[in-house]
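This briefing presents selected features of one protein model, grouped by topic. Please consult the sequence and the 3D structure alongside the text.

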Amino acid sequence: MIVKGKYNYKYSTVNFKASVAKRFRLFSKKIAKSHSKTLTVIMDFFEWHGFLPSDRFERSIVQEIVKNRKRTEASIAIIKSIEKEQTKPTNAMLLSLFEEKVMEEEPMLVEKKFMDPILITEDEELTYYRDQYYKMKKEHNGFKFEVRKIINKITLEKRTLGKDYFKLNTTEKDFEKFRNENNI
């Protein structure tokens, strides 16, 4: 039977007892939208698992469990191999990055350390540290002078549209010289 405009397939009639049909309708509402889809799902289930409704269900279920156990064990083996070969090395690298466990490398910036000479008297020691203090103070003042020179070359450029910005009025050569002299 073909219903115009509603379905694109033909219907066929199957006779059931009224009690079986009622039970099937209730069951069908739980499984799928139509009775055809419900029957298709049921038949696929039996075909996929190799069950026959006339067989003893326990025997075929035990066979299915054994088959699934082999599949499960194979899946576990695959997952373990993926974990060993791919996940763990990547995870270890990420952990080393977050924990900052990096191989011992020479630092980019090295802190200046003073060589303490072997001093005999307290006056010589005081003289040594005083000289170091004045030397550091002189370097600091020189750096401050250079920074002031750079800051004095900075001008504020006002724009009619957009944000204002600061402009450094110096040559590239002078700026590179400043960076190299001060290790910036």
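A residue counts as buried under 20% relative accessible area, as exposed over 50%, and as partly exposed in between (1.4 Å probe, protein chains only). By this criterion, 7% of the 184 residues of the protein are buried. The model is a predicted one, in which local features need pLDDT of at least 70 and side-chain atom pairs count only at pLDDT 80 or more, while totals for chains, interfaces and linings use all residues. Residues are numbered from 1 along each chain as its sequence is written, and side-chain values use heavy atoms, with hydrogens and water left out.

**Secondary structure**

- The protein contains five helices and two strands; these are DSSP runs numbered from the N terminus, helices being H or I with at least four residues and strands being E with at least two.
- Read from the N terminus, the order of elements is α-α-α-α-β-β-α.
- Helix 2 comprises 15 residues (35-49) and spans 22 Å between its first and last C-alpha, close to the 21 Å expected at 1.5 Å a residue; the expected span is 1.5 Å times one less than the number of residues.

**Salt bridges**

- The whole structure holds two salt bridges, each defined as a side-chain nitrogen of Lys or Arg within 4 Å of a carboxyl oxygen of Asp or Glu.
- One of them joins the side chains of Lys149 and Glu146, at 3.8 Å from N to O.
- Lys149 and Glu146 are separated by about one helical turn because they are three residues apart in helix 4 (residues 122-152).
- Lys149 is partly exposed, with a relative accessible area of 37%.
- A salt bridge also links the side chains of Arg179 and Glu176, at 3.6 Å from N to O.
- Both Arg179 and Glu176 belong to helix 5 (residues 172-181), where they are three residues apart, about one turn of the helix.
- Arg179 is partly exposed at 33% relative accessible area, and Glu176 is partly exposed at 32%.

**Surface patches**

- Patches consist of residues with over 30% relative accessible area and no salt bridge; like charges are joined within 9 Å, and nonpolar side chains (Val, Leu, Ile, Met, Phe, Trp, Tyr) within 5 Å.
- Accessible areas come from the Shrake-Rupley method with a 1.4 Å probe.
- Glu122, Asp123, Glu124 and Glu125 form a negative patch, Asp and Glu being counted as negative, with the charge placed at CG of Asp or CD of Glu.
- Glu125 lies in helix 4 and is partly exposed, at 34% relative accessible area.
- Ile151, Ile154, Leu156, Phe166 and Leu168 make a nonpolar surface patch of about 470 Å².
- Strand 1 (154-157) and strand 2 (165-168) are the elements that give two or more residues to this nonpolar patch.
- Leu156, located in strand 1, is partly exposed at 43% relative accessibility.
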